[in-house]
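Reader: I would like a close look at one part of this structure, namely the bonds and charge pairs between side chains. Please start with the disulfide and then go on to the salt bridges.

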Amino acid sequence: LGLALYAGSLRAASGAAFLYHDYCVIGAGPSGLQAAYFLQRAGRDYLVFERSHAPGSFFALYPRHRKLISINKRYTGKSNGEFNLRHDWNSLLSHDRRLLFRRYSRDFFPSADAMVRYLEDFASVLKLQVQYDTAIVHVTLERDQQAWNGHYFLLTDQDKQNYKCSSLLVATGTWVPNVVNFPGSEYVEGYETVSINPEDFAGQTVLILGRGNSAFETAENILGVTNFIHMVSRSRVRLSWATHYVGDLRAINNGLLDTYQLKSLDGLLEGDLEDLAIVKDKKGKLHITLRFYLESRNTSADINSITLPQDELDNFATRAPYDRVIRCLGWKFDFSIYNRSLKMMPGKGDKRKYPQIKPSYESRGTRGLFVLGTASHSVDFRKSAGGFVHGFRYTTRAVHRLLENRHHGVPWPSTAYPITQLTNSIIKRVNEASGLYQMFSVLADIILLRENATAFEYLEEYPVGILAELETQTGRKAPSGLFVIIMEYGRNFSGADKDVFYYNRAVGEAQHAWQSNFLHPVIYYYKRLPTEHEMRLRPPDWPLPRPDAVHHIVEDFLTDWTAPNAHILPLRRFLENCLSTDLRNFFAESCFLFAFTRQKLPPFCQQGYVRMQGLVGSEGLRRHAIEAGLLEDYTLTDFSGSRPPDSHEGSQDQLLSDHAIPVRPLQHLVNAKDE
C-alpha cells in the first residue's frame, strides 16, 4: 500500500509539472507564425516553441548568399489586395496591411535579412504567443480517452520542462542537411559551412555535388574567380520555367548553364553520388574515382597505387583534380525528437525527406498531429507551391479551419447566394483569388447547391485531396450536387524535357479551351459528392475523379478572365446545362412577358421581379436603354395635343419622378431584348 501511494504521488507530481495548452506549435518560422496568427484571432489557447532567440532562425543563416528566390512584385497595376498576393511570395496572411512584405524591401528578389526583420515584426506587432530559446527535444504520447484525439502530446524542452497539449502543429521545416556517405566524403565541405567569400576560391577548381538552387547559388557566387566549376548530380537539371515548379532551378541562379553551353570550361554531369569516391594526393588535390575501384585495395595504400577511371578511359570527364568539393544537397525533416509512439515515418522515394501525412496535412500515424509549412510539401511535391511561403500560408489557413470544425464546432466559412449570382461568383474568384492561384491543383473553391439549385453555398480554398470527406471536415452538407473550381496547367505542358516556348503554345478561342496550356480555371461538376474509393481510382495526375461534366475557361495572356464572349458566356452556358436552368438577367418587362407565356420563370425573375426586387429604374438608365434599342422613347410620342383615352394626368411625369422605367404595350414585348 505504501509503494502504491508513493507511486501515485510521483505520478501526481509528474502531472503537475506539465504546462498545458490546447495547441502546441513547434517552430516560429513563417508557417508557425501563420498558424499562431489564426489561433490567436480565433481566441484559442496555444503556445509556439522556438529554439532560437528570434523567429525565422532558418533565414538568419540561409540562403548562405542572402538572396531569396521568392519574388517581391510591388506593382501590379491593381489595388486589389487579394489579387496582389498572387505576386507577393513573401507576405504572411493577416488583417494588418502594415505587415505586407513590400514595406520591408524594394528588391524584386529581396535579401534574407529583410525576411528576418519581417518575421520579427509579424510576431511582435500581432503579439503572438512565442516562447523563445526553447528547443523541444522529445515528443511522446499519453493515452487518455478524455483527450480530444484519445491522447495528449507530451513535449520536453532542453531544460527538462514538460508541456502537454491536445493538438500538435509541427512547423519546424526541413533543416537537417542531406549528406551522402561514400569513401572520401570527409573531404567534402557542406553548403551550411563553406566560405561565401569569392576570393577564397580565386584560381581554384571546384566540384559541386547537387543540382538544386543551393548548388547553383553557390556556383553563381564564385563563377567569376574559379578556374572552372563542375557540378554532378544523379538527375538532369530541371528548369522552373519548364516544370512550372518554383523549387526547381530559377533563372536568377543559372549563370553556370551559360558558361557550360557556351563552352567556357564549366560543366554539368549526371551520376549516382553513392558510386563516387574521393582520394586526396600529397599536394592536397582531390581526385574523383569510383567506389568499386577501392573495394579491394588496402586503405593504407599510396595514392599512386589506386586505380583511377582515367587509367582505363583516358578522356574520363572528371580526370582533372579538384581543389575543393562542396556538398549542396538540400535538407530533410528532423525525425529524431519524436517517440516511436507517434509513428512519424518518412515518405517514400523522392518524398523520404518529408514525414508521411494525409492530404489534410494530418500525420498518417497519429491523429491530432498536423505538419505545416515546408515539411508538409509531400502533399504537392514538385507540383505546386506548398513548400514555400506563398503556398503554405494558405494550407496553414486550411488546417486551422479543419481544426476549428473538429474541436470547436465552427463550420468552414461559407457565403450563401441565390443561384443567379453563380456565374458572377465564379468569375470574381478566378480573377482575384490568390490561394487558388498559388496552390493550383491542391486547393479549390467548392460550390454546394441548395434548394433544388435555386441557391448555393460558396466555400473557399478547400484541400481537394479530402473532397470525399467534405461533409465531416467542414460541417457543411452537399445533398444536391456541387461544383469544384480549381486552377490547372495543361496536362502535357510541364516537364524537364518540355519546350515551353514552342510556336502556338497558347490557345485563344473558347472552343479550344480544353487544350489550354498555361494556368487557367477548370470547373468540375458532380451530381453527388465523390467517394473515397473514387478519389483513389482517379486517373493519374488528375487532382479529382472523373466528373459528370467539366469546363475549362480558356487561358488568358493577362490572366484576366472577364472577356464576355471568350470567358463569361461559355461558363454561363456550361452552368446552365449542368443545372437545366436559365442564368441570364432580364429586364422587368421581359419577366412580365414570361409570367404570361411560360410555365416556369427563369431564376432571375423568380428571385427578383416576382418578389418586387431587382434593377431599379432611373432617368439615366432609361435613356441608356432607349439608346441601346431596349425600350421605346414614349416622350417623343405625339398625341396631337391631347392625351390618350386611358391616360392619367401627369402619369408620365410621375413615372420619371418615381425613377421607374415605363412598361411598353404587350404587343411590343415580343421584340424585347434580354440583358
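Author: A disulfide is a pair of cysteine sulfur atoms within 2.5 Å. The structure, which is a predicted model, holds one disulfide. Local features here need pLDDT of at least 70, side-chain atom pairs count only at pLDDT 80 or more, and totals for chains, interfaces and linings use all residues. Residues are numbered from 1 along each chain as its sequence is written, and side-chain values use heavy atoms, with hydrogens and water left out.

The disulfide runs from Cys591 to Cys605, with an S to S distance of 2.0 Å. Cys591 lies in helix H17 (residues 588-597) and Cys605 in helix H18 (residues 603-609), so the bond ties together parts that are 14 residues apart in sequence. Helices (H or I, at least four residues) and strands (E, at least two) are DSSP runs, numbered from the N terminus. The torsion about the S-S bond of Cys591 and Cys605 is about -80 degrees, so this disulfide is left-handed. Cys591 and Cys605 are both buried. Buried means under 20% relative accessible area, exposed over 50%, and partly exposed in between (1.4 Å probe, protein chains only). Cys24 is buried, at 0% relative accessible area, and Cys165 is buried with a value of 0%.

Now the charge pairs. Side chains of opposite charge can pair when their charged atoms come close. A salt bridge is a side-chain nitrogen of Lys or Arg within 4 Å of a carboxyl oxygen of Asp or Glu. By this rule there are 23 salt bridges.

One of them joins Arg66 and Asp113, N to O 2.8 Å. This pair links distant parts of the chain, 47 residues apart: Arg66 is in the loop between helix H3 (57-61) and helix H4 (81-84), and Asp113 is in helix H5 (residues 112-125). Asp113 is partly exposed, with a relative accessible area of 39%.

Another salt bridge is between Glu461 and Arg397, N to O 2.6 Å. Here too distant parts of the chain are linked, with Glu461 in strand S19 (residues 455-463) and Arg397 in helix H11 (residues 389-408), 64 residues apart. Glu461 is buried at 2% relative accessibility, and Arg397 is buried at 18%. Both belong to a network of salt bridges that links Arg397, Arg429, Asp445, Glu460 and Glu461.

Glu432 counts as buried, at 16% relative accessibility.
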